[in-house]
Structures are given as structure tokens and as C-alpha cells.
Amino acid sequence: MLPPDEELRLWNLFKQDDWQAYTTLYNYYFKLLNNYGHKFTRDVALIADAVQDLFIKLWTTRQSLGNPLSVKNYLFKALRSIIFRKLHVRSRFTSVDEGAEAFPFEVSFDQAVIEDEEERALQHKMKAVISTLPARQQEIVFLRFYEGFSYPEIADIMDITVASTYKLLYKALHKLEELFKGSSALGGTLFGE
Amino acid sequence: MDLTKYASLTIAELLEDDAFVKSVLEPTADSVRLWQQVGERYPAQKETIAQATRLLRVYRTQTTFESSQQAEIWQRIEAAVGPTATSPLVLPRATRRWPRALRIAAAVMPLGLGSLAVWYNQEQRVETAFGELKTVDLPDGTRVVLNGNSTLTYHRGWGQHVREAWLQGEGFFKVVHLNQDSTHIRPGERFVVHCNNLNIEVLGTTFNVVNRHADVRVGLVTGKIRLTATTPAGPATSLVLAPGDYAKYAAQRLALTDKLAHPEKLASWSKRQFVFSNGTLGDILKSLEDTHGYRVRYTRAAARHLKIEGDINVASVQELLQTISTILHVSIYQNGKQIIVN
């Protein structure tokens, strides 16, 4: 994690046309942004284009940029909206259900190898529970527990109020809590939805 | 710190707590000690804390996606907005000094307006010699890198009108995007490159154009462009390119010929690199003739069609010839500007 004051220093240099600072920001955030994008779509070329668009836009508009809550939250927010726009344009050609709930969000545990047996069992159950959560709940869990964003940052990224952020996370946590309440409760969560 | 609020929290409530989440995501000696204290003071909470911690830890074992394109996407960004390798050529403003009397006359008489119009519409012409690169900054901030043996012309008077430029040879364009509202495009926001009968119309993009030997090849790196071919007889044909598209206009036919996996390589020549992908010997040496003024002779004409699979990326003509000769097992002799392939 880049220390907040270092991040801010780079951001200010970049806004004053410092190509080196811009390069550093790119290299630092490239992987995180791609990983986030990959949760919305498996189309690697689309993610690559979105990241490219994001950084080109960033450089061309650098002089009119303000100071965000954090650089990381700003980049996540911007990437999210670019990816949504691209997915939206594509969906106009491939699907007809206009009212469908925005875009999917999916984390995967495919390659995770866990030594501890208890944790491995927990992971197995977690996969099942998480896949039942609506996309936006999955996303908020990711932003909070994987990326460590604060509530106001998440609200900004997902374009909702801070109060809604609390509510949305609370719903997801309620389901996750069931992981520890024995297998019958879990069964209820899995098949009762 | 007040620990009482942790006396009876549930797993969900712990996971809502900023201090708790932070201590699992980025533990410090202090935070570890804090949670030990909470556990000691409220033994009944120990299991809850352990479960919430395990939940976070297991969640974070998820698969991360590692993109392998970090360098490649950077190259594209650099090609679009980065500083170019050659230093910009500063075009002389009209500095011709008029005799004092005439200057006064120009200032006081309507002739002043006339001469201003002449100055505005004056044709600007930038040429490069063989092997020379020039970077041209146009009045709107658009930057064009000209390859060797190329000519770019434009009028100084841009503003209300369409931005127009004429190209012979090869140029890499980074067109400044002026349009704010894509549903309402003003004429001055368009940029058109004219190559013989082909017009390349853009708003703000990066692309490479080669206009030589009566055919035009256009490759798009970022953005979107429209090609329109005007034929003396018959209707105009047009084609919209997406990034990576490579189109060719020859013998009055306009067609997409390729989808480039690495369109950013189109700009490699502007950094004085020689980059070729899956080219034939004939194509590669032809580009040396076109941009560097070499004369190439083949002792066997069939040699032109020898193909080099994969990429060549070198920094000099010597290195290029050496590489080709090694890969294709042909002898290449160079004598000044003369190249002979045996």
C-alpha cells in the first residue's frame, strides 16, 4: 500500500505535468485496477482498453482534476464507470433485457491453496454463500475486505450514499455470519433464496 | 481507546468496525495488542473475534487476476499522450520584417486586413529528408511525427473551420480532442488528414498513416476514425476503424486488412526503432527505400517474398540487415546507400 502522503505527493506532481509521477501511479495501480475490472468481466481485452482509456483521460484532463478522498478510490471509481459504459454499449448488441440489474460481480477462489483444514472447509462454504449474494453486495464486500476502502470511499466509487453503503454491507454480513451457525442454517441460505 | 463497545459485538458488527478490519488487513504491533486486550477483558468475545478474523483471512485467499499487459498498455498510453522521442520542431512564425513605411501603411489601411488574411491562409509545409524525423506541433496542439522522406502541409488559419492537413509519406498523428459534446460536433472540432483521394476524419485519436506509391495504409492506436474514399466516378465509400484496425486504400478500393494485436508498435519508428511483425523481406527493405533513401537490388527476385515469422525490433539499419541476414540465411551487402540481396 502506498502511504497516503506519498500518494498525494505523486498526485500533485502528476497534475503539474510530471510524467515520472504519472508513470509511477500507473505502475503502482495497474495490477489492482485490472484485478478489480476482472470481477466485472472476463473479457481481458475490454479491461485492458478500459485501463488504457482511464490513464489517457487522466493525463489529458490532469489540469482540471481536484483532490479526491484518495487517489486509489478515484481510480477505482473512474475505471468502474468506464467498464460499465463499455459493458453497456456491448450489451445493447447482445441482450434485450433492459431492466436487468447492472453488471455481475464475481470473485473466485480457484487457485487458493489453504493448509489449515478448518479454513479450507470455511472457504468451501464461503464460496457457496458469496455466490448467492447480489452483485452489488459482492462488490461492496470486495471493496471493504479485499481493498480495505472506508465507507465514504466505497460510497463514492459505487455512486451511492454513505448510509446505503452501511445498509448494503450489513445485508451481506448477515449472510456471511451464517457461515458459523452450523450446516443447517447454511443449507437454508443456500437453497432457500 | 474505549474498549467497552467491543463487549458484546457479533461477527457482523465486528466486520463493520473500521478499526477491526484495518487490524486484520494491515496488522501492526499496536493493533494486535489491542485485540488481545479485548479478548482478555471479554473472554466471551474471543471466539467471535477469532471467527471474524478467520472469515476475513479466508475471503482474502481469493484468486487475483494478473494482467500480463502492463508494459504493452503503457506503450499505447505513451504513444497516445507521452512525450515523443524527437524534440518538437518550432515552426517559424511570420517574422519577415516589412519596411517601416509599409508597416505603418498596413496598420492604418484596409490593406492591413488583406495582409492578415494572406498570412492566415499561408500554406505551411514541413518536409523531411531521407532518414530524418521531425515532430510538428500544429496550431491546435496536435502533434505529428513525420518519418523520413515525407511532407505535411496545412493552413495556419484554423479556428472556426475544419482542421485539415495533407500528408505524403508517413506520419504518426496525436490529434487533440476538442469536442465536448459528441451529439453536437462543430466544424472546428473535426480534424481531417487528406491522402490523395482518401480522407481520414477524426475528433481526437492516435493513428499512423502511410501514403506512398499510390496506396494509403492507416493503422489506429486509440480512439475512432472514419476513412472516406472519394472516387472520381461512383459514390464515396467509407469505413470506421476501431483501435488495432489496419486499413488499406489501393486501386480505389478501401478495405480492412488486419487486426493488430499491438497497435502501439505502429509508433515504433517515431522512436527510431525498426519494428516489423511477420513482414516479408521485400516489405521491410521497401520501407528502408522509402524512408531512408536506400536503393535495394535483388539478385534473385523471389527473395522478396521470404517471410520473417515473428517480430524484429532493432535500433539501426546495420542491426536490421544483420538480423535479416541471420534469420533468412541470405547475404546482404551494403555499400553506401546501395543494398544488394544475394
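User: Where is A:Ile130 found?

Analyst: A:Ile130 is in helix α5 of chain A, residues 117–132. Helices here are DSSP runs of H or I with at least four residues, strands are E runs of at least two, and both are numbered from the N terminus. This is a predicted model: local features need pLDDT of at least 70, side-chain atom pairs need 80 or more, and totals for chains, interfaces and linings use all residues. Residues count from 1 along each chain as its sequence is written, while chains are lettered from A and ligands numbered from 1 in written order.

User: Is A:Ile130 buried or exposed?

Analyst: Buried, because 22 other C-beta atoms lie within 10 Å of A:Ile130. The cut-off for buried is 20 or more, with C-beta atoms placed from the backbone.

User: What is A:Ile130 in contact with, leaving aside neighbours within four places?

Analyst: A:Val107 and A:Gln138. Contact means backbone-placed C-beta atoms within 7 Å. A:Glu106 is 24 residues away in sequence, with its C-alpha 8.8 Å from that of A:Ile130.

User: Switching to α6(A). Why call it largely enclosed?

Analyst: Eight of its 11 residues are buried, so the rest of the structure largely encloses α6(A). The buried ones include A:Ile140, A:Phe142 and A:Phe145, but also A:Glu139 and A:Arg144.

User: What do they pack against?

Analyst: Both chains. In chain A, the partners are α7 (151–158) and α8; in chain B, they are α2 (18–25) and α4 (46–59).

User: How many residues are in contact between chain A and chain B?

Analyst: 39 residues of chain A meet 33 of chain B. On the chain A side, α2 (19–38), α3 (44–60), α5, α6 (135–145) and α8 (162–177) each supply at least two residues. That side divides into 23 nonpolar, 11 polar and five charged residues. Nonpolar covers Ala, Val, Leu, Ile, Met, Phe, Trp, Tyr, Cys and Pro; charged is Asp, Glu, Lys and Arg; the others, Gly among them, are polar.

User: And the overall make-up of each chain?

Analyst: Chain A has nine helices and zero strands. Chain B has nine helices and 19 strands. Buried residues make up 31% of the 193 in chain A, and 29% of the 342 in chain B. Of the chain A contacts at least 6 apart in sequence, 65% join residues at least 24 apart. For chain B, that share is 54%.

User: Which residues touch the most other members of the largest nonpolar core?

Analyst: A:Leu79, B:Ile200, B:Val209, B:Val218 and B:Leu227, out of 95 residues. α3(A) gives the most to this core, with seven. A nonpolar core is a set of buried Ala, Val, Leu, Ile, Met, Phe, Trp, Tyr and Cys residues joined through C-beta atoms within 7 Å. Apart from this core lies another of 10 residues, among them B:Leu281, B:Leu288, B:Leu320 and B:Leu321.

User: Last one. At what angle do α8(B) and α9(B) cross?

Analyst: Roughly 165°, and the axes come within 12 Å. That makes α8(B) (281–292) and α9(B) (317–328) roughly antiparallel, a label for angles over 145 degrees. Axes are lines fitted to C-alpha atoms over the stretch in contact, with angles from 0 to 180 degrees between N-to-C directions.

User: Which residues meet there?

Analyst: From α8(B), B:Leu281, B:Ile284, B:Leu288 and B:His292; from α9(B), B:Val317, B:Ile324 and B:Leu328. They divide into six nonpolar, one polar and no charged.

Notes:
A residue is buried if 20 or more other C-beta atoms lie within 10 Å of its own, exposed if 12 or fewer, and partly exposed in between; C-beta atoms are placed from the backbone. Two residues are in contact if their C-beta atoms, placed from the backbone, lie within 7 Å. Angles under 35 degrees count as roughly parallel, over 145 as roughly antiparallel, 65 to 115 as roughly perpendicular and the rest as oblique.
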